[in-house]
Amino acid sequence: MRISDNLRVIHVIQILTTLVGKSDAGRIIDTFDKTKNSEILFNFLKIHPVCRELFQEMVRSDGFLPAEKAFFLIKTEAKEHKNSFVKEQMCGKCGHLNEKFDLAQYDFEPAKIPSLRRACINCGHALKAGGFVNSKEIEPWNVTNLFIYGSKIGLFDPAQYLICPWCYQFEEYLTKNIRNTPRICKQCKQPLEMRIDFQLNPDLKSLVRNKSGVWLEWYVWKLLSKSLKPAVEHNRIWKIDGMTVEIDVEIDSIKQPTAILCDTKKDPTFNIENFHLLAKKFKRLALVTTKKKVDEKIVDAAKSSFSGNIILIKGPSIEDLTPNLMRFK
Ligand SMILES: [Zn+2]
Ligand SMILES: [Zn+2]
């Protein structure tokens with residue numbers, strides 16, 4: 001190849017991809033990331049897949065989550081997906097349930113968990129140390145424990161109020177004087193019930209406005225920045241081949257430059273049309289979604305654009321992204 005050909009090649013590559021700048025979502029993330037709350041939220045989301053489910057639900061409902069809804073969600077996760085922060089110590093021989101506890105009760109800190117039984121109380125069989133299984137049975141107080149933990153770290157604000165369970169007449173939010181507040185419904189004269197719902201700390205609202213999934217882009221970027229050596233960028237807008245594309249997270253590794261797209265929608269709708277453009281700049285594509293299913297069409301399109309070099313992260317397993325990416329440094 002002659003020198004002039006070389007220059008032409010470099011020139012063409014420069015035209016193909018130009019950095020335009022950061023998107024609005026990117027600026028929201030950068031501002032949020034500098035706040036004290038960002039560390040609180042990061043630690044909470046990292047603790048357990050259920051925390052991410054719960055948070056996503058709060059985002060969807062504008063930061064306010066009735067306790068019943070949280071209970072339903074956590075119960076479903078435990079039953080159907082075996083994601084539970086409630087643990088059981090079962091006997092491997094007779095199947096007897098020896099202990100049951102929830103991690104939220106101990107602030108998710110292993111050191112705070114009391115030492116568990118060494119032998120089965122029913123048959124005396126030796127129990128495996130640390131041999132806990134996820135419990136499928138969730139009780140309302142498990143949800144309360146999780147919320148109390150969230151309030152302790154400053155993530156949630158509990159909202160106590162009185163409501164009539166008969167006519168749903170809403171009475172008032174309770175501040176301090178709970179004892180002197182009348183407990184009879186003005187409308188139907190039935191006794192009122194006290195309820196506690198949870199709302200997100202207002203300082204966190206910037207990340208969840210418009211029910212958007214910006215939080216996931218922030219979380220994935222943060223998670224990777226903490227664990228990977230190559231530079232991790234987020235929400236950059238590129239012009240590739242004359243077309244403008246935003247890339248949620250990107251890893252600038254020489255061997256495997258990777259584009260990561262995140263989606264929190266009910267039916268993930270990754271922009272298939274952009275895949276071939278992304279493939280001009282990146283060698284790998286990772287799709288991250290909080291949902292448990294991704295349309296086969298999306299997966300097929302990604303595979304064909306990236307010659308099969310894709311990573312698909314679904315549902316609770318976001319942490320799997322790091323080891324998957326680490327395989328190529
Ligand atoms: Zn036993
Ligand atoms: Zn009433």
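I began with the pairing of β9 and β10 (residues 243-251), which run antiparallel and are joined by eight bridges; two strands count as paired if DSSP finds at least two bridges between them. The model is predicted, so I note that local features need pLDDT of at least 70 and side-chain atom pairs count only at pLDDT 80 or more, while totals for chains, interfaces and linings use all residues. Residues are numbered from 1 along each chain as its sequence is written, and chains are lettered from A and ligands numbered from 1 in the order in which they are written. Helices (H or I, at least four residues) and strands (E, at least two) are DSSP runs, numbered from the N terminus.

**Entry on the hairpin and its sheet**

I looked up the bridge partner of Val232 and found Ile251 in β10. The two strands β9 and β10 form a hairpin with two residues between them, and Asp241 in the turn has a positive phi of about 55 degrees. On β1, I followed the antiparallel pairing with β9 over five bridges, where Gly21 has Ile237 of β9 as its bridge partner.

I then traced the whole sheet, which is open, has six strands in the order β1-β9-β10-β11-β12-β13, and shows mixed pairing. Its edge strands, each pairing on one side only, are β1 (17-22) and β13 (310-313). From one strand to the next the twist averages 35 degrees. Helix α2 (residues 24-33) packs on this sheet, touching β1 and β9 (232-240), and its direction makes about 165 degrees with that of β9; for contact, the C-beta atoms of two residues, placed from the backbone, must lie within 7 Å. Axes are lines fitted to C-alpha atoms, for helices over the stretch in contact, and angles run from 0 to 180 degrees between N-to-C directions.

I also checked β11 (residues 258-263) and β12 (residues 284-289), which run parallel and are joined by six bridges; the partner of Asp263 in β12 is Thr289.

**Entry on the three-stranded sheet**

I found a second open sheet, of three strands in the order β4-β3-β5, with antiparallel pairing. Its edge strands are β4 (97-102) and β5 (133-134), each pairing on one side only. Strand β3 (residues 86-90) pairs with β4 over five bridges, and Met90 stands opposite Leu97.

**Entry on the helices**

I looked at α4 (residues 49-60) and α5 (residues 67-81), which pack at an angle of about 145 degrees with their axes 10 Å apart. The contact is made by Val50, Glu53, Leu54 and Glu57 of α4 and by Ala70, Leu73, Ile74 and Glu77 of α5.

I next took α8 (residues 214-227), whose 14 residues reach 20 Å from first C-alpha to last, close to the 20 Å expected at 1.5 Å a residue, the expected span being 1.5 Å times one less than the number of residues. Eleven of the 14 residues of α8 are buried, so this helix is largely enclosed by the rest of the structure; among the buried residues are Trp215, Glu217, Trp218, Trp221 and Lys222. A residue is buried if 20 or more other C-beta atoms, placed from the backbone, lie within 10 Å of its own, exposed if 12 or fewer, and partly exposed in between.

**Entry on Asn309**

I placed Asn309 in the loop between α10 (296-305) and β13. Asn309 counts as partly exposed because it has 17 C-beta neighbours inside 10 Å. Not counting residues up to four places away in sequence, Asn309 touches Lys283 and Arg284.
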